[in-house]
Amino acid sequence: MPEIPRRDFLKSLAWTTFGATVAGGAVPLGAILGPAPPAGSLGPPRKPIGLETEIAEGSMRREVLQGKPVIVIRDAKGIRAFSSRCTHLGCLVRWDGDSGEIRCPCHGGRFDTNGKVLGGPPPSELESIPVSIQDGDVWIGD
Ligand code: FES
């Protein structure tokens with residue numbers, strides 16, 4: 001049997017004890033990892049995405065708002081934004097300009113341009129993201 005140097009043995013024992021203490025719940029993980037990041041640390045709750053004139057009718061663009069994927073579409077009714085996460089199992093949806101629908105490639109989920117479910121397994125509509133236009137700039141978020 002190979003001999004373990006005393007120093008390595010003590011290090012191993014310390015880490016094992018530490019791990020067991022954390023796993024056993026004696027020390028909250030938050031105490032080790034530090035405080036949770038502030039709510040706004042993923043970015044501002046609202047952001048500009050470009051000039052209104054740059055977003056053509058029939059186009060789609062992808063954005064990220066506070067770490068969440070967002071789909072922005074513009075059709076004859078205007079500019080709207082939704083969470084890109086399908087409400088079924090979370091795949092990223094995309095705009096299908098030919099059909100005028102937002103579609104999920106994973107299981108055939110279909111949504112209208114208001115985010116309402118048209119067909120497939122999604123149980124609920126897409127999360128709507130506020131859109132506002134100020135001085136020609138398009139903003140998403142609150
Ligand atoms: S994840 Fe979109 S339809 Fe299943």
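Four bridges connect strand E10 to strand E11 (residues 137-141), and the two strands run antiparallel. Strands here are DSSP runs of type E with at least two residues, numbered from the N terminus, and two strands count as paired if DSSP finds at least two bridges between them. The model is predicted: local features need pLDDT of at least 70, side-chain atom pairs count only at pLDDT 80 or more, and totals for chains, interfaces and linings use all residues. Residue numbers start from 1 along each chain as its sequence is written.

**The E10-E11 hairpin**

- E10 and E11 form a hairpin with two residues between them.
- Asp135, in the turn, has a positive phi of about 55 degrees.
- Gln134 stands opposite Asp137 in E11, while Val131 has Ile140 of E11 as its bridge partner.

**The three-stranded sheet**

- The order E1-E11-E10 describes an open sheet of three strands with antiparallel pairing.
- Strand E1 (46-51) and strand E10 (131-134) are at the edges with a single partner strand each, so one side of each is left without a neighbour in the sheet.
- On average, neighbouring strands of this sheet are turned by 30 degrees against each other, direction ignored; the strand axes are lines fitted to C-alpha atoms.

**The four-stranded sheet**

- Four strands make up an open sheet in the order E5-E6-E7-E8, with antiparallel pairing.
- Strand E5 (94-96) and strand E8 (117-119) are its edge strands, each pairing on one side only.
- Strand E7 (residues 110-111) is joined to E8 by two bridges, and these strands run antiparallel.
- Arg110 has Gly119 in E8 as its bridge partner.

Technical notes
Axes are lines fitted to C-alpha atoms, for helices over the stretch in contact, and angles run from 0 to 180 degrees between N-to-C directions.
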